[in-house]
Amino acid sequence: MLQSLLMGRRAAAADISPLAYCLTAAKAETPALEGVLSELEALEELWRSSETGCRAVLPEFFRHAFHAATLDQILFLRDRLNWRHSPVQRFIAALCLGSLHGETRSPNYFSNQMPRTIATKPDYSVRYWAAHGQTAPERDVFTVLRSRARLRLSSGASPAGGRAACRDARSVAGRWPDLVGRVRLVVTSPPYLDVTRYEEDQWLRLWFLGHEPRPTYSQISPDDRHTSPDHYWAFLRDAWRGLASLLGEDAVLVCRLGATGCEPDELAADLTASIADTLPGFGLAGAPRVSRIRGRQTRSFRPGSRGCLYELDATYRRCSGI
Ligand SMILES: C[S@@+](CC[C@H](N)C(=O)[O-])C[C@H]1O[C@@H](n2cnc3c(N)ncnc32)[C@H](O)[C@@H]1O
């Protein structure tokens, strides 16, 4: 989204996860810094005069993950921010999501020691903190948010022309009837084959957006992790069919994928077959590129976690004469 807008394109982005939607919509419609700072001031004033939240009903994890004073502010904002409908409040929610968890040596994160990329599971996290004698730092959420807003918006809002939707890829065309036959470039990175469960990995950020205070599975995105290649390729075929009507005559589609338990050549061949079956006339525009993945941030927290070892970038366009 952001890259497209910075390049002067108009952009439409869709993801089934409310987390991806919130972060992307915040980039599609960035408010001015002054608007964010005055909204933060109003929220802080309201917070000072409000009752403290309902910390007591939360699972034990939260007592160890956040300092009590920090958690009160997080609960207030969780309850208060109308991120679905207000662009300014959505931008503030996106800043909260970016700071919700991360490494304690940085002053920009609210939580006890955690990776910033994914939220570790509750029981594991509590055991990890106990074993390492780690306690949650006290952070003033409003101070962190002001500093993050200044950082993100100091060079101005992103250009206009972006829109985001929280939508299953299979039905994305129905969301933007005005774009039918007009999309010139698709850049997509679908869930990788048998690699990760975003819903589980992002459970704490999803909680902040109103979901359960614990990891959930297939409540938000049942296609996150297909362990069966047949189901996986059936899903991707459905996703390509879902966007087919949006593609213009000269459209280019770029897809980034990864997998465990399958070599890049095999993955590229299956991807190309899925596209050939569903997007008539589309073929590979050059050899796919493979990049090896090294040094994942989660490794130091979850030694032995088996991840994806490579990523594949493949570009497709309509082949003339077909
Ligand atoms: C590899 S990530 C890519 C995220 C993001 N597009 C990016 O490039 O940073 C895969 C994304 O697919 C989303 N997803 C899973 N199932 C989906 C579906 N049926 N329709 C749309 N998005 C889906 C997940 O929520 C996740 O954000």
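Domain bounds here come from an automatic or database domain assignment. On that basis the chain of this predicted model splits into domain 1 (2-153) and domain 2 (168-191 + 226-318), and the C-alpha centres of the two lie 30 Å apart.

**Ligand site**

- Both domain 1 (2-153) and domain 2 (168-191 + 226-318) contribute residues to the shell around the ligand, so the ligand sits between them.
- That shell holds 13 residues, and the closest to the ligand are Ile16, Ser17, Ala169, Ser189 and Asp223.
- Sorted by class, the shell around the ligand comes out as six nonpolar, three polar and four charged residues.

**Helix pair α2 and α6**

- Helix α2 covers residues 18-28 and helix α6 covers residues 87-99; they pack with their axes 9 Å apart, at an angle of about 120°.
- Angles of 65 to 115 degrees count as roughly perpendicular and those over 145 as roughly antiparallel, so α2 ends up oblique to α6.
- The crossing of α2 past α6 is left-handed.
- On the α2 side, the contact uses Leu19, Cys22, Leu23, Ala25 and Ala26, while α6 brings Arg90, Phe91, Ala93, Ala94 and Leu97.
- In class terms, this contact of α2 with α6 has nine nonpolar residues, no polar ones and one charged.

**Helix pair α11 and α12**

- Helix α11 (residues 229-244) and helix α12 (residues 264-278) cross at roughly 40°, and their axes come within 9 Å.
- That angle makes α11 oblique to α12.
- Here α11 passes α12 in a right-handed crossing.
- From α11, the residues involved are Trp233, Leu236, Arg237, Trp240, Arg241 and Ala244; they meet Asp270, Ser274, Ile275, Asp277 and Thr278 of α12.

Conventions. Residues numbered from 1 in each chain as written. Predicted model: local features only at pLDDT ≥ 70, side-chain atom pairs only at ≥ 80, totals over all residues. Axes fitted to C-alpha atoms, helices over the stretch in contact; angles between N-to-C directions. Helix = DSSP H or I, 4+ residues; strand = E, 2+ residues; numbered from the N terminus. Parallel < 35°, antiparallel > 145°, perpendicular 65-115°, else oblique. Left-handed = near helix turned anticlockwise from the far one by under 90°. Contact = placed C-beta atoms within 7 Å. Nonpolar A, V, L, I, M, F, W, Y, C, P; charged D, E, K, R; others polar. Near = placed C-beta within 6 Å.
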